[in-house]
Amino acid sequence: MRLTIRALVFLPFAAGLFGQVVAPTPNSVGPTRGDDWKNYNVVNSFETGYRFLSQSGNQNKYRSDENFGSGVRLLSSFIGLNSKDGHSALFDELVFSTQGLGGDPYESASLRVQKNRIYEYNLLWRKNDYFNPGLTTDGGQGQNLLDTTTTLQDNNLTLFPQSKIKIFLGYSRNTQDGAGISTFPSATSIGDFVPVFTDVRQIQNEYRLGGEVRWWGMTLNFLHGWQDFKDDSTGQVNHGASPYWQVALFRNARWIDLNGRFTYTGSQRGFLTNQNAVGTNQQVYTYGDARRPVATGNATVSLFPTSKLTIANHTSFYNIRTDGDSTYLQLNNSTGLANALYYQYLGIRTVANDTDFDYKIKNWFDVHGGYEYSNRRIAATSQFALAGTPDTVPYVQTNELNAGKVGFRARPISRLIVTVNAEFGRASRPFTPKSDSNYNVLTGRIEYKWKTLQLAAWSQADYNDNSVLLSDYNSHGRSYAGSGSWSPVKWFAFDASYSKLHLETLGGINFFAQNVLFANQVSYYLSNLHTGTLSARFSLRRFDFYLGYSRVQDTGDGRAIPTQLVIGPDLPAFRTAQTFPLLFQSPQARVSFRISERLRWNAGYQYFGYREDFFPSQNYLAHTGYTSLLWSF
Amino acid sequence: MCSATKFVLLLAFVAAPVFSQTPSGAFVGSTVCKTCHPDVWFRFYKNAHFKSVASEKEKPENTGCEGCHGPGEAHVKAHGGKATIRAFSLLSPKETSQACLRCHSESLARSNIHRSVHTRNDVGCAQCHSIHKSATPKFLLAKSEPELCYGCHTDIRAQFSMPFKHRVNEGFMACSDCHNPHGTSSPSWRMAARPAMVSQGQVNEEACLKCHSDKRGPFAFEHPPVRVEGCEICHSPHGSPNSRLLKRPVVFTMCLECHNGVGTFGRTGTGVPMLSPAHNMTDPRYQNCTNCHLRIHGSNADPLFLR
């Protein structure tokens, strides 16, 4: 009995310490060793309760960020059955768990059933209430809205999981349904857009069949999948398939690892959109096909010539060709006919080779480094012409990236680990002004662990300069983070973390304002993002308490009002767009009372407060909480 | 040395069996172990490793307690002691991993483990997995996700505290939905080796598309940076203070920073096309680009992603 009580006290500290959602309750109920039933041992728990919400301010923003509501919930459930001798008739293990059923925006269920040596089945089902009001942080000017439900499920069955020959079967389904408002270009007035209601209906089904064979120390893994996608939301039909293949051959041995993998995906999608212009006789169709075969390959050789040295060489290639034709057909009073064919081609071929080494100079000190060469060739064409016009010649560009990595790891004393890594790269032909061009990343980490005390500090500087004539782009990001956790006694645990991200980017921009070209302008964005979390757990007799606090604050560039300081172009749109001070904080508290070994009463409260300094229209406050019973039979 | 001899020697290397530091002595069987370790043995049937015991067909070195801890004869004769058996508390992370990979390397998901960032930084199996005191019913994790990952990745923990984030803290997703902590092949959709340990969706594409299947395409008109640079060119995948995980608070500055029409950038090498004069950037109507360019990830009907 004493063992059981100790375990009950300890278990709350084992899970959910950093969790930032107040419910479900992480505590456990029931005998820690479970109950015996026939040839099985059974562990179960159910948490049923009521979640409440009181919200003020911008409801759309709240639904976009958090979305918890009110109502009765099965906050969590868990059933585990384990065969005691491993020879039960139908299954030797069954684990079933759920979360948030009954109306939470994030519902999930998972099931694993397995019979030793015969099969293993895993199911993961998830449902997400997705709300996208088209907001942006500058005051919510978006006009597109989605209020949909997304469900995802993955089924995987492995036959003969402990055998040298395994068979894999799988099925996944991904759907999105709901209401939406979108925009459509006007057929009668170029540049004007009209809102359209949309019944969102997207379905993707995927079927998988594969196997794995082991012989002579080698493993051959192969997989064939069939994926079918359909989007018949209002005004359009998209229907396509993506069959794919994967073959992998690998071996891990004492001196050498060999690993090869080849994949091929052949995707195709046919489409048709329809647009009617209200009040006119115009109707616009676009239809066609898009195709995209993708082939990739990886080959790795890892050598371990001595126990202190590891050398790994990795070669990969990636070849993707996207082409498609899209016919634009405009009917006007059934007499005028304009028919144009758009055609685009985008081909990307990347070959990369990298070599890494890791050498342990001393037992407490090792160094590692590497070099990577990548070569990417992009061929692209686009055409707007009447059908039958010859294709244009693709424009071809090649980018070469040379990157080096170096670092060390030291353990001067058993409790202390220091890690430093650096990566620097030079690209000859970046694809966009923001792409990695002349970059260097320096990362350091210190970890100290002594009994239940764990301290860590981390820092990273990530610089990227991508400069061309008339346009400079550089991004300087510096991050610092520290964390500590301590559990001096079994009934108390404390955890804290702090992170700061300083990000400043400078980008060259050209744009028009009232038909005037503003050339060689600079977009300067500055963010100073501070994030902190605090949490404490403690137990007093039958009570378990949890207190937590999370705070995210972007202090921006320090200005108090949007137009106090102008950085970037002297236009109202940019004055406030370059720095966005905001505060998002969420304190919470939870209490769990052990009524009996199999029953607990829980209650919790969580506050969400979101405040933008410059655009208060998006601010919101929310008081959420719950009360529940956690029970086991 | 002739080439044939070299080839035979190479084959010998390839065929060399994996082994780790193994104590000497005979195998005594797991039932002997329970005499002194009843607390471990009596709940071992809930452990995934119990399969090897239940099969009753495995060799002694591959089953039960001695499958991991090595022959127990010397340990029994000495009446215990960590020096007489393979005690994982005394092993280095590398030695621990070697012991585990003797069986667990035979999986595609772990075929890149020796070149993974975790292995390179001396993160061994026992730092994430707890064989006898697991906190999770699956995978024998020492803590449940994401707490396990947050323990080292403090910066990532901060990203999931943002106002807009993937729902990891809510329990809806797990880090391993997108990452393979045992290492992956290099991300084929980008040039550099970063991001590390991102598992690939549909065998060869970015992990985001495993769930965001409507963004997969193919589209007759692809937004090229999506294919060339990946989703991270515009989005911060873990969390962001900005809606839709965008890297900028407002859409138009993010778009303008690429669409400035200069340099040799873009699909035709003449700069990423800049906006036409009709776009009056002082007018709020034009400041939220995706109002009109709503199929920004790719369109089948319009090269400007308008429909």
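Student: Before we start, what makes a residue count as buried here?
Tutor: A residue is called buried if 20 or more other C-beta atoms lie within 10 Å of its own. Keep in mind that this is a predicted model.

Student: Thanks! And what percentage of chain B is buried, then?
Tutor: For chain B, 49% of its 307 residues count as buried.

Student: What radius of gyration does chain B have, and what would a compact globule have?
Tutor: Chain B has 27 Å, whereas a compact globule of 307 residues would have a value near 19 Å. Along the principal axes, the C-alpha atoms of chain B fill a box of roughly 90 × 60 × 30 Å.

Student: Which domains is chain B divided into?
Tutor: There is domain 1, covering 21-90, and domain 2, covering 213-299. Taken over C-alpha atoms, the centres of these two domains of chain B are separated by 59 Å.

Student: How many helices and strands are in chain B?
Tutor: Chain B contains 13 helices and four strands.

Student: And how much of its contact pattern links residues 24 or more positions apart?
Tutor: Such pairs make up 49% of the contacts in chain B with a separation of 6 or more.

Student: Switching topic: how many residues of chain A and chain B are in contact?
Tutor: On the chain A side there are 166 residues, in contact with 111 residues of chain B.

Student: Which element of chain A gives the largest share of that side?
Tutor: Strand β13 of chain A, residues 256-276, provides the largest share, with eleven residues.

Technical notes
Residues numbered from 1 in each chain as written. Chains lettered and ligands numbered in written order. Predicted model: local features only at pLDDT ≥ 70, side-chain atom pairs only at ≥ 80, totals over all residues. Helix = DSSP H or I, 4+ residues; strand = E, 2+ residues; numbered from the N terminus. Rg over C-alpha atoms; globule rule 2.2 N^0.38 Å. Buried ≥ 20, exposed ≤ 12 C-beta atoms within 10 Å, placed from the backbone. Contact = placed C-beta atoms within 7 Å. Domains from an automatic or database assignment.
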